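Please find below a note on the model under review.

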Amino acid sequence: MEPAPADVRKAVGAAAVLAVGLALAWTLTYPQPAVAATVTRAAADIGAVLVLGLALVPALETARYRDELARRSSSALVVAAAVWLIAELTRLVVAAAATAAVPLSALGARTTVEYAVSTMAGRADLICVVAAALVGLLAVTIRTPAAGVAVAGIAAIGTTARTLAGHLSENAFGGVAVTLHALAAAVWCGLLAALVLTVGHRGRWARMLPRFSALSLWCVVVLLVAGVGSAAVTLDGPAQLWGTGYGRLLLAKVLLTVALMVLAWRNRTDWLPSARGHRVTAQRSSRRSYPELALMLVALTLAAALAVSG
């Protein structure tokens with residue numbers, strides 16, 4: 001089956017937004033941008049976020065229609081899991097080459113395996129690869145809400161494994177804070193993307209959008225509190241916000257988060273009542289999500305750049 005023109009436009013639009021995010025990350029970290037690491041980390045993180053959202057989205061539906069939505073979202077979940085797995089494998093290989101200080105063409109299987117089993121970062125990458133593979137296997141073989149719970153748990157592990165082994169891993173408070181921050185952002189972004197991909201009529205939007213809105217409010221609270229905590233541990237002073245590539249990335253991410261919160265609040269006061277009252281079509285609801293999703297995609301890209309530059 002050939003993709004619909006609307007699907008092609010969405011894919012092209014997402015690719016364009018991702019390119020903007022990567023260009024912004026490159027500009028903010030110049031003259032020492034980690035381009036390959038940022039691209040592969042962003043692809044892996046976005047894949048994990050989408051898988052988590054697709055696994056969780058049936059929980060927003062009422063019990064009567066939950067099984068049907070789980071079946072409806074299963075195909076998208078399989079594709080997302082495949083993308084995530086490919087991105088994780090690519091990420092592992094690129095990181096192994098960077099750690100060994102050799103070009104990709106000279107990287108051998110033995111060096112890659114040594115990186116994956118002998119370093120903390122490599123083991124975290126390996127956990128993410130295994131998580132993506134398990135998600136794909138479950139998505140293909142079991143298509144029920146119960147399987148979605150297992151997939152969501154595995155995706156959450158894959159989302160946080162690399163965070164726990166990141167630049168704040170030696171600080172207990174900072175490690176917990178950045179992990180909660182990443183998980184809250186993943187649930188918020190992943191669920192909105194999953195709603196756009198799986199909800200096809202206004203009745204379902206009317207049932208699910210209020211539940212998403214309530215959950216996203218808690219996600220924002222956790223995201224903000226944990227983000228402030230991790231930033232306090234990372235930065236030595238306010239001057240680092242504009243004097244270092246890491247600080248500039250963090251500042252840009254904060255500004256994007258503020259813009260997202262403003263947009264989300266406008267949607268909560270305008271779009272949500274209309275959707276709940278069946279006064280807006282499914283197509284219109286999807287289009288209302290696009291600006292928020294675009295900002296989320298850029299924010300996720302900056303977060304990936306932040307992780308590899310920290």
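1. Basis of the note. This is a predicted model, in which local features need pLDDT of at least 70 and side-chain atom pairs count only at pLDDT 80 or more, while totals for chains, interfaces and linings use all residues. Residues are numbered from 1 along each chain as its sequence is written, and side-chain values use heavy atoms, with hydrogens and water left out.

2. Threonine 29. This residue belongs to helix α1 (residues 5–29); helices are DSSP runs of H or I with at least four residues, numbered from the N terminus. Its relative accessible area of 13% makes threonine 29 buried (under 20%; exposed is over 50% and partly exposed in between, with a 1.4 Å probe and protein chains only). The side chain of threonine 29 reaches the backbone oxygen of alanine 25 at 2.8 Å. Apart from residues up to four places away in sequence, threonine 29 touches Gly245 and Leu249, where contact means heavy atoms within 4.5 Å.

3. Threonine 159. Helix α6 (residues 145–164) holds threonine 159, which is buried at a relative accessible area of 13%. A polar atom of its side chain lies 2.7 Å from the backbone oxygen of alanine 155. With neighbours within four places in sequence set aside, threonine 159 is in contact with Ala48, Ala182 and Ala186.

4. Aromatic pairs. The whole structure contains two aromatic pairs (ring centres of Phe, Tyr and Trp, the last by its six-membered ring, within 6.5 Å; planes under 30 degrees apart are stacked, over 60 edge-to-face and the rest tilted). Tryptophan 26 and tyrosine 30 form a tilted pair, because their planes stand at 50 degrees, with ring centres 5.1 Å apart. Tryptophan 205 and tryptophan 271 are also tilted, at 5.6 Å centre to centre and 55 degrees between the planes. Tryptophan 205 is in helix α8 (residues 202–234) and tryptophan 271 in helix α10 (residues 245–276), so this pair ties together parts 66 residues apart in sequence.

5. Tryptophan 26 is partly exposed at 42% relative accessibility. Tryptophan 205 is buried at 1%, and tryptophan 271 is buried at 4%.

6. Largest pocket. How is the lining of the largest pocket divided by class? The lining has 27 nonpolar, eight polar and five charged residues. Here Ala, Val, Leu, Ile, Met, Phe, Trp, Tyr, Cys and Pro count as nonpolar, Asp, Glu, Lys and Arg as charged, and the others, Gly among them, as polar.

Technical notes:
Helix = DSSP H or I, 4+ residues; strand = E, 2+ residues; numbered from the N terminus. Polar contact = N/O pair within 3.5 Å; in protein donor to acceptor, adjacent residues only side chain to side chain.
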